[in-house]
Amino acid sequence: MTLDDFTSACSALAAEAPARIAAADSLDAWTAVRNDLVGRTAGRLTAIMGTLGEIPKEDRRVAGQAANAVKVELERLLDERQAELATSRGAGPQIDGTMPSRVTWQGARHPVTLVVDEIIEIFRELGFTVALGPEAEHAWYNFGALNFPADHPAMDLHDTLYLGKDTVLRTHTSPVQVRTLQAYPPPVRVLIPGTVHRRDPFDASHAPAFAQVEGLVVDEGITFADLKATLSHFARRFFGAGTKTRFRPSYFPFTEPSAEMDVSCGVCGGSGCSVCKQSGWIEILGSGLVHPAVLESAGLDSTRFTGWAFGLGPGRTALARHGIPDIRILYDSDVRFLEQFSR
Amino acid sequence: MNISHSWLKAFVPHTLTPEQLRDLLTAHVATVEGLSRTRADLAPFVVARVVESEKIPDTKLSFNKVDDGTGTLLEVVCGAPNVTVGTIYPFARSGTLMPAGFTIEKKKIRGFTSNGMLCSARELGLGEEHDGILALDTDAAPGTPLLDVLPLSDVVLDVDVLPNRPDLLSHLGMAREVAALTGIAHRLPEELDTLAPVPTLAASGASEASVGGVTVRIEDLTGAPRYCAVVIRGVKVGPSPEWLVKRLEAVGSRSINNVVDATNYVLHGFGQPTHAFDLAKLSRQTVVVRRAKAGETLVTLDGAERKLTPEMLVIADADRAIAIAGVMGGRDSEVTDTTTDILLEVASFSAPLVRATRRALGMSSDASYRFERGIDDVATGEMSRLCAGLMARLAGATVESVISVGAAPAPRTAVSLDAARVSRLLGDSIPATETRALLTGIGFAMVEASAGVYAVTPPSWRHDVTRDVDLIEDVARLRGYDRLPDTLVGARPGTVPDHPLHVVSVRVRDALTAAGLLETKPLPYTRSDDDSLVRVDNPLANDEPFLRTSLVETLSRRAEYNLSRMQGNLRLFEVGTSFIKDGAALVREEIRVGALLMGLRRPVHFTEPQPPVFDAWDAKALAEVMARAAWPGARVALVNPEGEAAGALTPLWRVEVDGTRVGVVGQLILDAPAWAAATFGIELTLGEMSAAYVAAPGTHNYDAPRPAAAAGAPLRYVPLPVTPAADFDLALLVPDALAAAEVEAVIRDASGDMLERLVMFDEFRGTGVPAGKRSLAWRLTFRHPERTLRDKEIDGRRSQLLKTLEQKLNVVPRTA
């Protein structure tokens with residue numbers, strides 16, 4: 001055996017090996033290829049190296065280096081391929097990635113809660129906290145304390161469910177205004193979410209129990225400008241930066257001056273469409289400066305303190321926002337409806 | 001309130017378009033909900049010129065060529081005798097819907113094609129004239145909409161008048177506001193320029209007066225402070241003139257006859273309800289205003305027989321009631337075609353009394369609507385002159401006499417207004433001169449009482465102004481809310497902490513949605529067979545007149561609703577109010593969370609075609625999740641439910657937090673189809689919502705007891721282990737009667753501090769396990785904080801443990 005024979009045997013093996021290693025498509029095949037190429041007993045490189053003794057002494061060093069280079073290269077290729085096969089777990093069939101993932105049930109907040117939570121979040125940035133009160137309420141908190149004239153047509157706007165002579169299911173969250181002002185000194189900045197009740201038939205646009213969110217600010221020096229500024233800020237945060245607001249006269253016994261706030265219609269941008277009844281505006285909330293009589297109900301000096309308040313129905317907002325045509329859907333609790341709000 | 005654009009214009013000669021008027025009123029006065037056009041049915045009609053016309057032989061018909069402005073002459077067959085070439089007529093193109101309800105179609109008549117119809121007045125609903133088509137005297141180009149040529153249409157504004165502003169319930173009331181906003185003075189409409197002359201015969205008295213044989217007496221001066229009767233004789237009842245019919249039609253009031261229409265004109269035009277009696281039908285020509293007698297009845301104009309009570313005020317003649325004061329007249333004394341003499345009532349009735357009366361009778365009318373909100377009581381004299389004058393003119397009659405009974409209304413009380421407070425409340429500098437101009441513009445009288453402080457007297461038609469803020473609202477709205485500044489400025493932080501029940505509710509809700517549950521907000525009403533629930537006194541529907549106590553009961557009904565829609569995989573919850581009947585306080589309220597589980601534990605996946613369904617252990621786990629979310633850091637235990645009442649739910653566990661009961665877990669019995677899976681419910685009470693008075697009315701109590709802050713001590717960090725653990729399994733034969741928790745307690749006790757974890761991982765009954773027992777297997781993990789445990793130590797512990805279990809519980813290991 002000459003040096004040339006030896007090196008050409010090495011080169012032949014080195015030329016043939018990469019394709020065979022690459023062709024090994026499983027760990028078993030890889031083992032077979034490895035044994036054939038570099039196996040300690042039956043490996044071809046082992047056999048070639050076994051002939052090293054037949055090479056003239058002066059050439060052995062060069063021959064040995066050549067064989068060793070091939071060995072290093074083959075082992076590198078084999079290691080790489082083994083790693084590849086190990087990662088792809090090449091044994092068994094390939095997975096079909098288009099098959100569905102293993103999901104779990106997804107929970108969801110109610111769409112009305114989503115609106116309430118978002119409102120609370122926006123007002124929290126402005127330093128508001130959350131106050132609560134009872135649903136079964138003294139008539140005084142629901143009406144008298146809020147400057148409702150006794151036996152007046154203003155009461156017709158609040159068709160009331162009675163639990164007794166002087167106990168009602170609250171018709172609005174405003175009783176909590178007085179409860180809060182009686183318990184905490186100004187400055188007061190609170191949001192009041194809650195369920196309210198009206199003696200309304202349950203139909204596509206009315207429900208006898210529904211959510212309301214109320215806001216109340218009382219301090220020295222609070223003005224109508226604060227009301228406009230805060231509620232306009234809220235509208236831009238809630239409905240989008242380009243939202244315009246409009247305030248128009250209204251009437252609530254517990255605010256004076258009273259104002260209804262509209263926002264520019266998000267569907268047509270104010271040019272008029274069926275959603276805004278061609279007016280370009282959507283009615284959002286009622287508001288006003290807290291009536292001095294309400295402050296006096298809580299024993300506050302109405303010449304010193306002023307305030308403003310607002311109230312809105314998140315149910316209606318949820319209907320408009322999600323395009324829900326019938327308010328009863330919010331109450332039915334059909335899982336196929338509720339699941340639409342999971343994210 | 002319907003406001004006619006043209007009627008309003010008769011009061012204020014403004015030049016605003018209906019849209020501009022809408023925006024002006026909405027911004028400064030009251031919201032205009034919508035605009036509608038009267039005779040909108042005529043909108044598709046155009047005017048057209050007849051260009052050629054020839055008779056169709058042996059018929060009354062003509063064949064015409066008509067220019068309707070489209071550029072092509074249309075062939076039209078017409079049956080009218082008066083078709084004249086060159087004349088302009090109303091024209092309905094084919095496809096037009098006629099007022100009578102049919103559509104004009106293109107059709108063949110006697111071999112001639114007809115592409116539309118030239119219209120008569122009657123065909124357009126403009127009267128009975130049908131002798132021929134309606135020739136129009138106009139220069140309008142063919143194709144011009146008919147409504148642009150004939151002033152037939154009016155625009156009606158639907159104004160939302162709120163209870164504090166009854167003065168806006170008339171065209172005069174709106175006109176006052178429009179006049180103030182536009183600077184154009186308002187005046188009486190031209191149609192009232194030539195009223196019948198004022199009578200010379202008059203009588204007045206504090207409670208009774210009579211003249212010309214007619215007597216008026218008020219027996220209840222509180223109920224009727226002022227009653228004015230006008231006697232009109234020689235009436236010829238008949239149809240009203242066109243202008244009056246149109247005025248009333250625009251506001252949705254049907255023309256009846258000239259007498260009744262005159263009263264309705266004054267109602268909608270000036271806001272004064274009046275009533276015309278047939279004088280001949282009044283016994284002894286006498287009118288008495290008195291309380292109804294017990295048992296008295298009256299058939300009202302609408303034909304209903306009304307039972308009257310002494311709480312009600314009536315108008316009576318010498319014998320019996322003839323009208324319910326301020327609400328509705330009686331049928332027996334109503335004006336008919338044969339009426340010749342009339343007694344016209346223009347009165348002022350007590351608002352609360354009219355309200356109580358019409359509520360007791362369960363009825364409402366245009367009159368009662370205005371009386372219960374308050375009318376302009378100073379104007380009754382002028383209104384009686386105006387209404388009688390109009391009625392007499394329309395009916396060709398004579399106003400004979402006026403009888404006024406009662407006192408003149410007391411002058412209005414002035415309200416003190418500090419001009420500086422206007423600026424202080426509105427957040428803008430508003431000069432006193434501007435305030436004065438705005439308020440006097442709508443009828444207020446303003447006198448400076450001291451420097452910067454004014455005595456402001458409201459006009460007689462305003463009943464809503466009693467405090468300075470009421471005046472400030474008028475200043476703000478007349479000036480325009482949109483002109484007030486809206487700069488966001490910083491604020492002092494508030495003193496009110498978050499309500500703890502809000503904090504807890506949010507935490508529980510978040511935990512439940514994270515666990516895959518869906519939040520519901522159902523109606524909190526229920527039905528009940530007994531009286532243990534809180535009942536609503538005046539429920540709208542009688543099927544659910546009670547307030548619910550149990551949230552899982554409400555959820556059960558929602559689950560049944562879902563089952564009826566073939567939805568059986570349910571994971572529902574609600575955070576809501578439970579109403580508990582409480583003797584002393586009537587109602588006690590708890591904020592609770594309820595949850596309901598039914599159906600598949602996981603969605604179907606191809607690796608698990610039939611996932612297991614929810615069972616009691618899922619409910620137990622969820623209860624633990626809920627309780628830990630509500631009371632973080634507290635000791636949560638689900639214990640034997642002994643003593644728990646079975647209601648909507650059959651109890652499986654009582655939930656205790658730090659040893660206190662907070663709720664229950666159990667199985668729910670539903671009205672469910674056979675395919676529905678078992679249903680489990682959890683209901684926990686998060687806290688109580690007090691309804692007690694915080695302080696007496698008109699006071700505050702900053703020291704009042706407040707709800708405790710939500711629980712939640714911060715969690716303590718447990719150092720991570722640095723030594724290896726050792727574990728072994730124990731399979732024990734546990735008698736059915738012995739609770740697993742008791743075995744666990746013994747294991748923990750006998751294992752000492754080094755027991756890190758104890759996990760039950762198997763329950764087995766069957767081969768090798770004696771009857772009456774089960775094999776329960778636990779894995780025990782031990783760890784020494786500082787060193788590695790030796791095998792010998794572990795073996796020793798295991799033997800010790802088995803010995804203790806056998807001694808204390810007679811429990812032995814299961815041998816393989």
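## Exercises on a predicted model

B:V447 is exposed, with a relative accessible area of 52%; exposed means over 50% and buried under 20%, with partly exposed in between (1.4 Å probe, protein chains only). This is a predicted model, where local features need pLDDT of at least 70, side-chain atom pairs count only at pLDDT 80 or more, and totals for chains, interfaces and linings use all residues. Residues are numbered from 1 along each chain as its sequence is written, chains are lettered from A and ligands numbered from 1 in the order in which they are written, and side-chain values use heavy atoms, leaving out hydrogens and water.

**Exercise 1.** Find where B:V447 sits and what B:V447 touches.

*Solution.* 
- Start with the strand: B:V447 belongs to β25 (residues 445-450) of chain B. Strands here are DSSP runs of E, at least two residues, and helices are runs of H or I, at least four, both numbered from the N terminus.
- Now look for contacts, meaning heavy atoms within 4.5 Å. Leaving aside residues up to four places away in sequence, B:V447 touches B:V453, B:Y454 and B:A455.

**Exercise 2.** Check the span of helix α6 of chain B, then work out how enclosed α6(B) is.

*Solution.* 
- The rule for the expected span is 1.5 Å times one less than the number of residues.
- Next, burial: 12 of the 13 residues are buried, so α6(B) is largely enclosed by the rest of the structure. Among them are B:V259, B:Y265 and B:F270.
- Look at the two ends. At the start, a side-chain oxygen of B:N257 comes within 3.0 Å of the backbone nitrogen of B:V259. After the helix comes B:G271, with a positive phi near 80 degrees.

**Exercise 3.** Compare chain B with a compact globule of 816 residues.

*Solution.* 
- Take the globule rule, 2.2 Å times the number of residues to the power 0.38, with the radius of gyration taken over C-alpha atoms. A compact globule would come out near 28 Å, but chain B has 42 Å.
- For the box, the C-alpha atoms of chain B fill roughly 125 × 85 × 60 Å along the principal axes.
- As for its make-up, chain B has 17 helices and 40 strands, and 50% of its 816 residues count as buried.

Notes
A polar contact is a pair of N or O atoms within 3.5 Å; within protein, one must be able to donate a hydrogen and the other to accept it, and residues adjacent in sequence count only if both atoms are side-chain atoms.
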